[in-house]
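Hi,

Here is the structure I promised to pass on. Have a look at it first, and then read my notes below.

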Amino acid sequence: MKVMLVNSPLFEEKRMTPEYDLPPFGLAYIATQLELVGCDVRLIDSINENYGIQQILEIIHKQNPQFVGLNIFSTNLSIVKKIVEQICICTNIVIGGRVVEHIYDEIFNWDTENNLICINGESELIFPALVMGELKEKFYKNKANRQIYIVDRKSPFFPSDLNKITLNRRYINTNNKEEYLITSRGCMYDCAFCGGAASFNTGGMIRSRTEDNIKKEIVEIIENNKKLNSIRILDDLFLNNREKIRSAINLFNQFPNLNWRAMAHVIPLLKNSDMLKELKDSGCNELFIGIESGSDKIRKFIKKEGT
């Protein structure tokens, strides 16, 4: 079974200056699970490759996959719609992303004769079942040849144990000197501007990988990348309390030749500022704190796009 996964473009046409973005981890995890059940998988990172709509369509038509999976964001909804409506081959189109929950009725009305499946939730276990014809779970809603499936903690396809979800890193394009890690999913915080806020995602739950599991992946990365000198943790909860900060320090003290940096929430850093020196000594050279505001004046001051 041939499957093509597309990290959807943010712009309709190729740009003179390529856009930088983080690797499409969600699609890479899906690709790995599809590979494990024997699928022929290709992941197209439109952002990294600087592809526009026409380049994506050319690849889809040339490869002629039985399934095309696209992620979607509120900022590129119209672009994904144009791709879907201009696919000329007979295929099954799967659309996922956090925004799907709020726009699936609109997606159902897109002009395509292809089967259109929306997935609201983490998709690395439900996608292979769908492709292999083993999906016995009933859809949440449907309209002709359109369906939406919900993957929450009640679903048999909910990845409750992240230690069992493997990642083939060949699906991720990173620079040779730094690799990325995700160590948990879900969030305890309820930030007003975040689509992942706890009050908006009651169907999910916080899950964290064990220190041994994270260490194992770091060891594998080091063995496979001789140019590596830095690890970046893409995870707001990696340092979310004193115990986690201590665990991070202990973990990276085992890799004295490795630098690392991480995302962090301001509250636990304020409460545990006495540990910042130890974090630095363990190789941590950056903590990235997200800042949001509903004030146009503040957004302009902190050089934040949008209003």
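Predicted model: local features only at pLDDT ≥ 70, side-chain atom pairs only at ≥ 80, totals over all residues.

Let's begin with the helices. Two helices packed against each other are described by the angle between their axes and the distance between those axes. For helix α3 (residues 53-63) and helix α4 (residues 77-86), the angle is about 35 degrees and the axes are 10 Å apart. Their crossing is right-handed. On the α3 side, the contact uses Ile 53, Gln 54, Ile 56, Leu 57, Ile 60 and His 61, and these meet Ile 79, Lys 82, Ile 83 and Gln 86 of α4. By type, the residues in this contact split into six nonpolar, three polar and one charged.

There is another pair to look at further along. Helix α7 (residues 211-224) and α8 have axes that come within 11 Å and cross at roughly 35 degrees, and this crossing is right-handed. From α7 the contact takes Glu 211, Ile 214, Lys 215 and Ile 218, while α8 supplies Ser 247, Asn 250, Leu 251 and Phe 252. Here the contact of α7 with α8 comes out as four nonpolar, two polar and two charged residues.

Now the aromatics. How many aromatic pairs does the structure hold? There are six of them. One is Phe 139 with Tyr 149, an edge-to-face pair at 6.5 Å centre to centre, with 75 degrees between the planes. Phe 139 sits in the loop between α6 (126-131) and β6 (141-143), and Tyr 149 belongs to strand β7 (residues 146-151), so this pair ties together parts that are ten residues apart in sequence.

Phe 238 comes from the loop between β11 (230-233) and α8 (242-252), and Trp 260 from strand β12 (residues 259-264), so the parts tied together are 22 residues apart in sequence. Both Phe 238 and Trp 260 are buried.

Have a look as well at Tyr 104, Phe 108 and Tyr 140, which ring pairs link into a cluster.

Arg 170 has its charged end over the ring of Tyr 171, 4.4 Å from the ring centre. The charged end of Arg 185 sits over the ring of Tyr 29, at 5.2 Å from its centre.

Last, the backbone. Most residues other than glycine have a negative phi. Which residues have a positive phi without being glycine? Asn 64 is one of them, with phi near 50 degrees. Asn 64 lies in the loop between α3 and β3 (67-71) and is partly exposed, with a relative accessible area of 44%. Ala 144 also has a positive phi, of about 55 degrees, and is found in the loop between β6 and β7. Ala 144 counts as exposed because its relative accessibility is 70%, and the cut-off for exposed is over 50%.

Over to you!

Conventions. Residues numbered from 1 in each chain as written. Heavy atoms only, no water. Axes fitted to C-alpha atoms, helices over the stretch in contact; angles between N-to-C directions. Helix = DSSP H or I, 4+ residues; strand = E, 2+ residues; numbered from the N terminus. Left-handed = near helix turned anticlockwise from the far one by under 90°. Contact = heavy atoms within 4.5 Å. Nonpolar A, V, L, I, M, F, W, Y, C, P; charged D, E, K, R; others polar. Phe/Tyr/Trp six-rings, centres within 6.5 Å; stacked < 30°, edge-to-face > 60°. Buried < 20%, exposed > 50% of the residue type's maximum accessible area, 1.4 Å probe, protein only. Lys NZ or Arg CZ within 6 Å of the ring centre and 35° of its normal.
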